Amino acid sequence: MSETWAKDGDRARQASLDLHLDLPGPQSPKGIRLGLEAALRDAVRTGRLGPGTRLPSSRALAADLGLARNTVAEVYSQLVAEGWLTALTGSGTSVAERPAAQPGPGWLARPEASAPRYDLRPGVPDLSAFPRGVWLATARKVLATAPRELLDYPDRRGLPQLRTVLAGYLARARGVAAEPGHIVVCAGFAHGLAVACAALRSAGAATLAVEAYGHQAHRDLAQGQGLRLRPLPVDGRGAVIGPADGADAALLTPAHQFPLGVTLHPQRRRDAARWGGVVIEDDYDGEFRYDRQPVGALQALAPGHVIYAGTASKSLTPALRLGWLVVPPRLLDAVTAQLIAGPSGLDQLILAEFIASGGYDRQIRRTRLAYRRRRDRLAAALGRQGRHVTGIAAGLHAVLDLPGAGAERQLITRAARHGLALQGLDSFRAPDASADRAGLVIGYARPPEHSYTTALARLCAALDPDPEVMGQAGAAAPATQRPGTG
């Protein structure tokens, strides 16, 4: 086979399929024909070649294996006769359909969790709002015009094309003081946070101050890099900066605290800018402000002390895995040293063109209007029950305060029984922080537009569990709707 593999051949071979088979040696008592037959049968039996899988033509497989074509043709005929393969004129040879194997007891004991029919948990945008058509057109343009060298392994800091347009966009839209050389492109915010924490740890940092309410996954990432955590209280003016004294760095969400939804007070912004440690600024949804122009980035007040972190996961889609860090010059080498693998170079090129063409701004403005309307509808629906959401009019979520942790747990459980997923403040509280608030963190951006009305109805029904109201909420969705399709 080594003498025939990857040699020039006829068109049939060039258009064929690769197929890995473990054949016995020439001295095997089975012989070549029986060995090939057994190898194919075993590949089908074990599922390595699934039902419907096309096989190479007998001529191409014979050439690849260095066998006579008649030998391969005879093996195919035998396995067709046994029911392992099917052969149709004009369609070639493929693996036959077989009855599905019955799941064993181990599989039955661990069923996959089904997606809730309606989901108002925070952290995810409306995935149906992703601009597929414009993104596809941009991708075609990039692939048609990109120089060949841009298809090589990208610079681990990110492609210069994307870093250049990001510097211009962030300066214009978020007030960030950024030069392309100080921007690092990451595979989403989580990757950027892990890189930043690892860089700080390598530079001698030991303690990271974190807001008492935030993502547990982010706290786990920081601890995974060897940093000790110190919770910062959060009140109506944002994180309390004073307790950060003694820490080496702090992770803050100044523009829109997650999940409590407040903006860091101007005095505390100045305190954070003058603070001696490094601040990691998580600007996850800074563009989404609905009642006024968004507050600018904290980084502009202290570009030498703040690592600015942004992401496309809320403005476009989490599936892109694209984020960015604006790094102070003194930390750039330490951050770069932690970069091992980043996002796809092609995706970086597409995003660069998408921003440069104005498509990103148009997407932000379009979704900003849609999310503002959703927040208004949420506030109006709760207002009719005498309830009010807290936090500024911004972002993709709002908070509904509740009298205590028991009410929070009860509401989440009640809503789940009716196909609505909710998340409470307790799930975002740092383990060492005091449990001073209870409530729901309502992600109004997540449901697709066509199911948002029903999701709101079920939320209101869970809050006001009158049987008649609950029945009306259940009737708002067709009984035949499958879970997860709303």
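**Close-ups of the cores and cavities**

**View 1. Leu-459 and the residues around it.** Skipping neighbours within four places in sequence, Leu-459 is in contact (heavy atoms within 4.5 Å) with Leu-120, Leu-378, Leu-382, Leu-420, Leu-422, Leu-440 and Ile-442. This is a predicted model, where local features need pLDDT of at least 70, side-chain atom pairs count only at pLDDT 80 or more, and totals for chains, interfaces and linings use all residues. Residues are numbered from 1 along each chain as its sequence is written, and side-chain values use heavy atoms, leaving out hydrogens and water.

**View 2. The largest nonpolar core.** Here a core is a set of buried (under 20% relative accessible area, 1.4 Å probe, protein chains only) Ala, Val, Leu, Ile, Met, Phe, Trp, Tyr and Cys residues joined through side-chain atoms within 4.5 Å. A second, separate core has 27 residues, including Leu-193, Leu-227, Leu-331 and Val-335.

**View 3. The largest cavity.** A cavity is a set of points on a 1 Å grid over the protein atoms alone where a 1.4 Å probe fits but cannot get out; lining residues have an atom within 4 Å of a point. This one holds about 130 Å³ of space, taken as what probe spheres set on the points fill, with points joined across faces, edges and corners. Among its lining residues are Tyr-213, His-215, His-218, Arg-219 and Asp-282.

Terms used: 1 Å grid on protein atoms, 1.4 Å probe; cavity = no way out; pocket = protein on both sides within 12 Å on 5 of 7 lines; lining within 4 Å. Buried < 20%, exposed > 50% of the residue type's maximum accessible area, 1.4 Å probe, protein only.
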